[in-house]
Every structure is written in C-alpha cells, then in structure tokens.
Amino acid sequence: MSLVGHDEQVAAFREAADSGRLHHAWLLTGPEGVGKASFALAAATRLLADAAGPRVGLPGIETPDDHPIVNYIRAGSHPDIRILARLTKDKSDDLARSISIEQVRSLQSLFATTPSLSPRRVVIIDAIDDLERPAANALLKNLEEPPAGTTFFLISHAPGRLLPTIRSRCRQLRFAPLGDADMRLALCRALPEEPAEEIDALVGVGNGSPGRALGFAGLEIATLDAAMDRLVEQGDPTNAIRAILSKQLGTKAAQARYEAYLERVPARIAAEARRRQGPALAEAIALWEDARRIGESAVHLSLDQSTTVFELATMLAKLAPAPGR
C-alpha cells in the first residue's frame with residue numbers, strides 16, 4: 001500500500017518506528033481530504049506487516065500489495081486492527097452525527113486478548129472530531145494507560161476542538177494540501193480512465209485535497225469550466241450559453257453537477273478578480289460576493305435550479321468585455 005505526497009510526515013513516522021521508541025498515539029491533523037486517513041492506513045499496515053515479519057524492505061511506509069497483511073486488512077479479516085468511524089443510520093445510507101461511546105467501548109474486546117498475528121495492534125479513529133463527549137472521555141482512559149503493543153492513529157480536521165487532555169497525549173503530525181503534481185498523481189491512480197483534461201479540472205477544483213476532488217469525479221467539471229470560461233471571455237449576447245447551462249443543470253437528476261456549479265462559479269469569479277485593478281476589481285469583488293451568497297444558500301433554500309443557474313451565469317457574463325455583455 002502506497003501514499004502520494006506528505007514526504008516529511010512519512011519520514012518523521014519512519015524515524016520514530018525505526019528508533020524503537022514509537023509513540024503510542026499519533027494525532028494526524030490538517031484539512032479534510034488531503035490524505036490523513038490514507039496515511040493512517042498505510043502506516044498501520046506497515047507496522048503490522050513489519051511486526052509479523054519478515055520486515056518489509058521498502059522505504060517509507062509502503063507495503064507490497066501482495067503482502068498477506070495487506071490482503072487481510074483489505075478483506076476486513078485482520079484481527080489486530082480496528083477502525084472506528086461514523087456508522088450508517090438504521091434503514092438509511094445517511095451517516096450518524098457522531099462516533100458513539102458504544103463504539104469506543106467495543107475496543108475493550110480487542111484489548112482483552114493478546115494480539116493474534118504479531119505483538120502489535122492498531123486502532124484508527126476517523127475522525128476523532130466525530131466522537132461524542134462521553135466517547136472522548138472513554139477513549140482518554142485508553143490513551144492514558146495504553147494497552148501493550150497498541151498504536152492509535154487519531155485523524156482530526158479541527159484539532160482545536162479536541163479535549164486538551166487528548167491532544168497532550170499524542171504526537172502530532174500536521175498535513176498540508178498537496179501540490180498540483182501530487183494531486184495529479186493521486187487522481188490518476190484513483191481515476192485511471194478519466195481523460196487528462198478532466199484530471200486537470202479536478203486538480204483545480206480540489207484545492208490540494210484529493211478527497212475533495214474525487215467528490216466531483218464523473219461530473220464533467222472540465223466541460224463546466226469551459227462554459228464558464230466562454231461566458232467570462234466572450235459574454236453571452238444571445239443567451240445561448242446560459243440557456244444550455246440552465247437546461248443541463250436544472251433537473252433533479254443533475255443535482256450533483258448543479259452543486260458543483262454552485263461552487264465553481266464563485267471560484268471562477270475570484271480567479272478573474274485577481275487579474276483586475278481599480279473599478280474592474282471592485283466590480284468583480286461585488287459579483288463574487290453575490291455569487292458566493294447564492295452558492296452557499298441555493299440548496300438550503302431550495303431555490304429554483306434553472307433560474308439560479310441562469311443568474312450565476314449572468315454574473316460570469318458581466319465580467320466579459322463590454323461588447324459581449
């Protein structure tokens with residue numbers, strides 16, 4: 001199993017693992033979707049593989065895809081790893097609001113026995129921000145008196161909201177957004193069939209977060225961006241572009257692509273604003289503020305999709321040179 005980017009974090013963890021003084025709890029912090037969970041799973045896999053022996057001969061925290069430990073973990077049958085995340089609600093695909101105290105208490109069955117395949121076991125909590133307060137207090141007891149051979153990986157998108165007593169018992173690794181080259185590599189691995197232009201568009205929309213970018217996969221973001229570029233560069237004197245966008249994005253079946261459009265329009269206006277000065281800059285900023293307000297409230301207020309698409313497209317067209325407005 002391999003990870004894209006985050007070389008400094010990999011090196012820090014590798015040094016700690018090789019020193020024989022591996023901290024029992026690691027707090028992985030940073031923006032959502034940048035690879036913290038992937039790091040946790042890769043590091044956990046490598047720890048369990050090395051502990052089971054023989055040691056893996058690869059650098060960093062990689063483990064060969066054909067390694068038995070990798071196969072056990074992918075099949076969900078490794079007895080010495082536990083991953084806590086929000087569960088789905090009964091009779092629904094929606095996730096629960098939090099990780100419950102019952103889930104944290106279920107770890108006691110793991111700790112009540114010795115590890116099965118090696119002297120080591122691992123717990124991943126994704127994300128610790130989602131723990132109920134009682135669940136956080138229950139976990140704290142395990143962090144204060146860690147079971148022998150156990151390593152915790154606690155993923156946090158907002159570490160400032162965690163109990164100070166939890167933060168103080170962890171070694172923190174801070175993760176930053178990926179650069180464009182690493183973003184492109186991560187997306188090409190995840191979406192090998194996507195054309196290059198769509199990968200490039202996803203890199204742009206992801207803002208350094210592969211997880212965020214993958215949320216837009218399959219929505220033809222490159223086509224949306226091209227339409228927005230035409231509006232900004234040429235305007236829409238006959239309403240043709242706006243009419244096509246309204247028709248394409250105005251149905252319930254297009255909801256996901258519509259929501260992507262709501263995010264992309266303010267971003268496109270902001271990109272144009274950065275190229276302007278004086279009154280033209282002020283105009284772009286005003287349009288950006290209006291577009292952001294609409295984009296953030298349209299779904300919540302159940303605004304008519306076709307009308308909203310047309311209105312936002314008109315804002316883009318106002319950025320065009322005067323003859324094309």
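Is Asp290 buried, exposed or partly exposed, going by its relative accessibility? At 32% relative accessibility, Asp290 counts as partly exposed, where buried means under 20% relative accessible area, exposed means over 50%, and partly exposed lies in between, with a 1.4 Å probe and protein chains only.

Before I go on, a word on the model: it is predicted, so that local features need pLDDT of at least 70 and side-chain atom pairs count only at pLDDT 80 or more, while totals for chains, interfaces and linings use all residues. Residues are numbered from 1 along each chain as its sequence is written, and side-chain values use heavy atoms, with hydrogens and water left out.

Let me stay with Asp290, which forms a salt bridge with Arg293, the closest N and O atoms being 3.7 Å apart; by salt bridge I mean a side-chain nitrogen of Lys or Arg within 4 Å of a carboxyl oxygen of Asp or Glu. Because they are three residues apart in helix 14 (residues 278-297), Asp290 and Arg293 are separated by about one helical turn; helices here are DSSP runs of H or I of at least four residues, strands are runs of E of at least two, and both are numbered from the N terminus. Arg293 is partly exposed as well, with a relative accessible area of 48%. Elsewhere, salt bridges that share partners join Asp229, Arg268, Glu272, Arg275, Arg276 and Glu283 into one network.

In total the structure holds 19 salt bridges. One of them joins the side chains of Arg169 and Glu144, at 3.4 Å from N to O, and this pair links distant parts of the chain, with Arg169 in the loop between helix 7 (164-167) and strand 5 (171-174) and Glu144 in helix 6 (residues 133-144), 25 residues apart. Arg169 is partly exposed at 26% relative accessibility, and Glu144 is partly exposed at 41%. Arg242 and Asp236 also form a salt bridge, with their closest N and O atoms 2.9 Å apart; here Arg242 is buried, at a relative accessible area of 9%, and Asp236 is buried, at 3%.

The axes of helix 12 (residues 240-249) and helix 15 (residues 305-317) come within 8 Å and cross at roughly 145 degrees, the axes being lines fitted to C-alpha atoms over the stretch in contact, with angles that run from 0 to 180 degrees between N-to-C directions. Taking contact as heavy atoms within 4.5 Å, Arg242, Ala243, Leu245, Ser246 and Leu249 in helix 12 meet residues of helix 15 that include Val309, Phe310 and Ala313.

Not counting residues up to four places away in sequence, Ile269 touches Ala284, Leu287, Trp288, Ala291, Met315, Leu316 and Leu319.

Helix 9 is followed by Asn207, whose phi is positive, near 50 degrees.
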